[in-house]
Amino acid sequence: MFPKERRKEILEIVNATGFATVDDLSKRFGVSVDSIRKDLKVLQREGKIKREYGGALRLEPESAAAPDPAPSPTLESILADDEAKADAGRRAVAARAWLEINDGDAIFLGVSRTNVYLADLIAAGDKRLIVTTNMIDVLQRLAGNPRVTALATGGYLNVLNNGFTGPACISLLEPLLFSKAFLGTCGIDLGTSAVLATTTDDGKVNDQVLKNASYRFLLADHEKFSIHSGYRWASISDFTAVITDSTNPNVLRAIAATGTPVLC
């Protein structure tokens, strides 16, 4: 399903039910929560929905006198709980990834919400690092630590994920070498060992980073293993290790079968 068609169905769901959570929409359409958030940003920008923490609300006419179908505090608590559960997995992955970074490393952090949390740990730490990234959110978090040299790739700015992508970004990455790279994914198909990206441009940027890094870490919280749609840009075996918070024995066995270590 193309994003435009998915957004049309999302709008129908929100208008019919009054609200929808990011997690529910992600499972319904079989795409990552980040893809759903991008869809909601587009719909809000078009004035069709109202975004709330963790989901979206139906846009009611200003003249409507009828009260909300559900009390606002209850709805907000539901959305906040869903978002907190999703972020707990990403934070756990980021904390494990932090252990793989040594003083003096030159690393790359790709566009990923997990990498935003990893950047927070780097910013609060005392390791001297050179960090290259194509994500503006990562740069902003690293700005206050004088021990960290933060470099931006530049390139075409994708406003939906607040990151650089496209041929210009790839060209700027070509001469750069990294001791370690930490890359996210929109989903992983364990049946085919496919590592997926939302767009071909995102995948091509990540592929260039894989070629330039000595150690390559795939960041994947437990939700990523239930998503099987997107553009395949790598295989699990292309990575030095997979860092995950998943405790599902089937998931861990499937990763181990590729010969790639799992770090939890």
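Predicted model: local features only at pLDDT ≥ 70, side-chain atom pairs only at ≥ 80, totals over all residues.
Visitor: What share of the residues of the chain counts as buried?

Guide: Of 264 residues, 48% count as buried. The chain exposes about 12500 Å². Carbon and sulfur atoms supply 53% of that area.

Visitor: How many helices and strands does the chain have?

Guide: Nine helices and 15 strands. Contacts can also be sorted by distance along the sequence. Take those between residues at least 6 apart: 62% of them join residues at least 24 apart.

Visitor: Which residues of helix 3 are buried?

Guide: Val 33, Ser 35, Ile 36, Arg 37, Lys 38, Asp 39, Leu 40, Val 42 and Leu 43. Gly 47 follows helix 3, and its phi is positive, near 75°.

Visitor: What should I look for when two helices meet?

Guide: Look at the distance and angle between their axes. For helix 7 (residues 166–173) and helix 8 (residues 200–212), the axes come within 9 Å and cross at roughly 5°. Angles under 35 degrees count as roughly parallel, so helix 7 is roughly parallel to helix 8.

Visitor: Which residues meet between helix 7 and helix 8?

Guide: From helix 7 come Gly 166, Cys 169, Ile 170 and Leu 173. They meet Asp 201, Lys 204, Val 205, Gln 208, Val 209 and Asn 212 in helix 8. Val 205, Gln 208, Val 209 and Asn 212 are also listed as buried.

Visitor: What is a disulfide, and how many does the structure hold?

Guide: A disulfide is a covalent bond between the sulfur atoms of two cysteines. This structure holds zero. Now take two cysteines. Cys 169 is buried, because its relative accessible area is 0%. Cys 264 counts as exposed, because its value is 55%.

Visitor: Where is Ser 246, and what does it touch?

Guide: Ser 246 sits in the loop between strand 14 (241–243) and helix 9 (249–256). Its relative accessible area is 5%, so Ser 246 is buried. Leaving out residues up to four places away in sequence, Ser 246 touches His 222, Phe 225, Val 251, Leu 252 and Cys 264. Ser 246 and Cys 264 are 18 residues apart along the chain, with C-alpha atoms separated by 7.6 Å.

Visitor: How do I read a positive phi?

Guide: Most residues other than glycine have a negative phi. Asn 162 is not a glycine, yet its phi is positive, about 55°. Asn 162 lies in the loop between strand 7 (156–158) and strand 8 (163–165). Ser 193 also has a positive phi, about 60°, although it is not a glycine. Ser 193 lies in the loop between strand 10 (187–189) and strand 11 (194–197).

Visitor: Is Asn 162 buried, partly exposed or exposed, and what of Ser 193?

Guide: Asn 162 counts as partly exposed, because its relative accessibility is 24%. Ser 193 has a relative accessible area of 19%, so Ser 193 is buried.

Key:
Residues numbered from 1 in each chain as written. Heavy atoms only, no water. Helix = DSSP H or I, 4+ residues; strand = E, 2+ residues; numbered from the N terminus. Buried < 20%, exposed > 50% of the residue type's maximum accessible area, 1.4 Å probe, protein only. Contact = heavy atoms within 4.5 Å. Areas by Shrake-Rupley, 256 points an atom, 1.4 Å probe, with all protein chains shown as cover. Disulfide = S-S within 2.5 Å. Axes fitted to C-alpha atoms, helices over the stretch in contact; angles between N-to-C directions. Parallel < 35°, antiparallel > 145°, perpendicular 65-115°, else oblique.
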